[in-house]
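Hi everyone, thanks for coming. Let me put the sequence and the structure up first.

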Amino acid sequence: MRAAQRGDTLAMAELLDVLAPYVSRVCAPIALGHGADAAQEALVAVFKSLRTLKEPAALRGWVRAIAVREAVRIAHRVARTVPADLSALPARGDPQLSADIRDVLERLSPEHRAVLMLRDVEGLDERAAAALLGVRTGTVKSRLHRARGTFRKAWTS
């Protein structure tokens, strides 16, 4: 990481190879069909600001925060401009199940998708999720409660 911070092209390429799958995994459930765009924007932001990171051990958390922020931003932008196209959903495992999950996630706000992903996929506690999202712990708890309830209701209907 230090070499990448100094501008070493090879080190930057290696860091990109390590970070890209993680960033994509963070962005996809929040930005849905625009997860790749969100991941790209997040990676650009990471590499633009890489020199500001003081502690290499904090890299993963720092990258996660940037990825979540960019995914929420992209999801909001897309929600205002383009309706979701569910016909081009990527298949992973059972295609119908994948489409059903994405359909239910589409019904949630980007903030609710973000808190679900951070808590239920990433396994962060409320305090860590609140810090990443820039909100209070109580806000994370209430969003998580609403997101899970909405997901459950949409899933069973």
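**An enclosed helix and its charged neighbours**

Let's start with helix α6, residues 110-121: nine of its twelve residues are buried, so the rest of the structure largely encloses it. Before I go on, please keep in mind that this is a predicted model, where local features need pLDDT of at least 70, side-chain atom pairs count only at pLDDT 80 or more, and totals for chains, interfaces and linings use all residues. Residues are numbered from 1 along each chain as its sequence is written, and side-chain values use heavy atoms, with hydrogens and water left out.

Two terms need their cut-offs. Buried is under 20% relative accessible area, exposed is over 50%, and partly exposed lies in between, using a 1.4 Å probe and protein chains only. Helices are DSSP runs of H or I with at least four residues, strands are runs of E with at least two, and both are numbered from the N terminus.

So which residues of α6 are buried? They are Pro110, His112, Arg113, Ala114, Val115, Leu116, Met117, Leu118 and Arg119. After α6 comes Gly123, which has a positive phi, near 75°.

Now to the charges. How many salt bridges does a search of the whole structure find? The search finds seven, counting a side-chain nitrogen of Lys or Arg within 4 Å of a carboxyl oxygen of Asp or Glu.

Another bridge pairs the side chains of Arg73 and Glu41, 3.7 Å from N to O. Here too, distant parts of the chain are linked: Arg73 belongs to helix α4 (residues 59-81) and Glu41 to helix α3 (residues 35-49), 32 residues apart. Arg73 counts as partly exposed at 37% relative accessibility, and Glu41 does at 35%.

Asp103 has a relative accessible area of 26%, so it is partly exposed; Arg107 is partly exposed at 47%.

Thanks, and I'm happy to take questions.
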